[in-house]
Amino acid sequence: MIEVEHLTKVYRSFKRKEGLKGALVNLFYRDYESVQAVDDVSFTINPGELVGYIGPNGAGKSTTIKMLTGILIPTSGQVRVNGFIPYRERYEYTRHIGVVFGQRTQLWWDIPVQESFRLLRKVYQIDEKDFRDRLSMFIELLDLGPLLPIPVRKLSLGQRMRCDLVASMLHHPKVLFLDEPTIGLDVVGKLRIREFLAKINREFGVTMILTTHDLREIEELCQRLLIVDKGKIIYDGDIEGLRMKYTLDRRIVFQLNDNIDFDELQSACAFNGSVRSEVMDPLSLKVTFQRDSYSPADIIERVLKNAPVHDITIEEPSIEDIIGRIYSGQS
Amino acid sequence: MSTYTITDDYIANLSKYAEYMRISFQKMLAYRVSYLIGVFTYVIHVAVYYFLYKALYMEDVTIKGYTLQEMLTYVSLGWICKSFYLNYIDREITDDVQSGQVAMDLIKPVDFQLMYVARGLGHSLFRIVLFTPPIIVVTFLLFSVSPPVSLGHMMLFILSSSFSVLIYLGINYIIGLLSIFFLSIRGVLYSKNLIIELLSGLLIPIDWFPPWFQSMSFLLPFQSIAYCPLQIYLGRIQGLSLFFSLGLQLLWIVIIFGIGRIVWRLCQRRILIQGG
């Protein structure tokens, strides 16, 4: 159970003055500027949920994850994860969580992967038998067997990431924080990690927060979506809801058998002003309409009555289009 | 900031830190070949100081209470000690903090100081097992080095130089943490090496310095790193003074580790507020 209330983080950074004179001034007088990375964020995540936390670069995703994992103190507001206040009870709290930072590794670079796993067994004081059982299950799920004796520096990014995922799961955490776990991976690597995350979420009920820029991942994994921009949450809900909220426009493309008189067709269909129709090439007609003004069936029925149609495509804007529009501020 | 108790961490979880020591040892093992090559450059380094003192003495005189033979033993053995008390955890801490990798340690139930001390001990263990023995062999074969004055002194020398490992480690830990407060720590690390070589008595015995310098260095922990074990080896400390010297080393260990814990509290606060 993750509870976040009015969470705010303001970074204070030292503003350097330019030039030699500025450097001298800096010695005696420091000017600070404040950056509000997270701005009054509140949400609750229930046990077993898999939540996607997305937003453009610099939206405050990583800062939030850092505060949730206890490695950053909030400027104001509350965080509680399974009853712990992360930064205050860091030592005890970290026993119960797993963290994956896609840009970092918790494996030891120069030595075989299995040695890092052995270290983690001691660090989290995992029972020998539990450790063996979990490790062999993960090895099977992620096909890690051949990687264990290899020094981490010789692994590919995808292989290393799979090992890092296992490292974060060995102590059976109740909550898993994933900050861009698939960054830089190829399609196959991403797929493998997606499958693994879906499985452990489903079978072990591990609560997960996932930040990513890969929206395919969000669509396939997350039941719920939190979108942040400029430190604030701008959407909290499922993907269908997001479509409903942000895509008022829908589109149907008709392939025609014969040339038609466009003006004649338009008057015959008698759409109201919210519908835009255009001829793309002589044999195809695109109709764009608003979700709440007509139903697709309505549109299709009217066009079929008035034109020789042999194919119909209903275009749904992709989640990527929607989020792209939100990011660029034209929702 | 953590609410765990000392006993919980120091006793029940010792195996955790033993594992950090083991893995650090193993990491060093990955570079064993470059260390074995390093033996030769190290011996050349020792030879420079060895022949410098030989030239300084020219003939059989006693300078400030040291005969030529004592001085040659002093300098050779000093560098043998350094070959195992040296560690690079200051650099490891600096790198981890500057790259942000320190976050990966903060998300684990480990005590930061004990973890780094264990890692430093792993370095020293590696050095004692693989780096120091060939250096001892080559040094004793090539140079004129006296054996210890008695078996008792030999045992106390081993004890005293083990304390040196801990003192050096505790200081290095604090130096590494300073990187959190400075953007560039290269200068700090460089001057640290010079200051420790000088004030530990590794380059010149402390009793060759002017009186004011001597009294200052006896108020600092550095002379416990090299000067103290070497004086024991040469038999220049006898009787009760032996126990006083070892007691002083122990006292410094306690003080330095205590300071280390305080410095870490300040550093941790800063990391947790500024995000590393």
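Buried means under 20% relative accessible area, exposed over 50%, and partly exposed in between (1.4 Å probe, protein chains only). This is a predicted model, in which local features need pLDDT of at least 70, side-chain atom pairs count only at pLDDT 80 or more, and totals for chains, interfaces and linings use all residues. Residues are numbered from 1 along each chain as its sequence is written, and side-chain values use heavy atoms, with hydrogens and water left out.

**Exercise 1.** Work out which way the residues of E3(A) point, and whether they are buried or exposed.

Step 1. Find strand E3 at residues 50–54 of chain A; strands (E, at least two residues) and helices (H or I, at least four) are DSSP runs, numbered from the N terminus.

Step 2. Sort the side chains: Leu50(A), Gly52(A) and Ile54(A) point one way, Val51(A) and Tyr53(A) the other, and all are buried. In a regular strand, side chains alternate between the two faces of the sheet.

Step 3. Conclude: with 5 of the 5 residues buried, E3(A) is largely enclosed by the rest of the structure.

**Exercise 2.** Find the strands that pair with E3(A).

Step 1. Recall that two strands pair if DSSP finds at least two bridges between them.

Step 2. Take E7 (residues 207–211) of chain A: this strand pairs with E3(A) in the parallel sense over 4 bridges, and Tyr53(A) has Thr211(A) as its bridge partner.

Step 3. Turn to E8 (residues 224–229) of chain A, which is parallel to E3(A) over 4 bridges; here Gly52(A) stands opposite Leu225(A).

**Exercise 3.** Decide how enclosed H6(A) is.

Step 1. Locate helix H6 at residues 157–169 of chain A.

Step 2. Count: 11 of its 13 residues are buried, so H6(A) is largely enclosed by the rest of the structure.

Terms used
Chains are lettered from A and ligands numbered from 1 in the order in which they are written. The expected span of a helix is 1.5 Å times one less than its number of residues.
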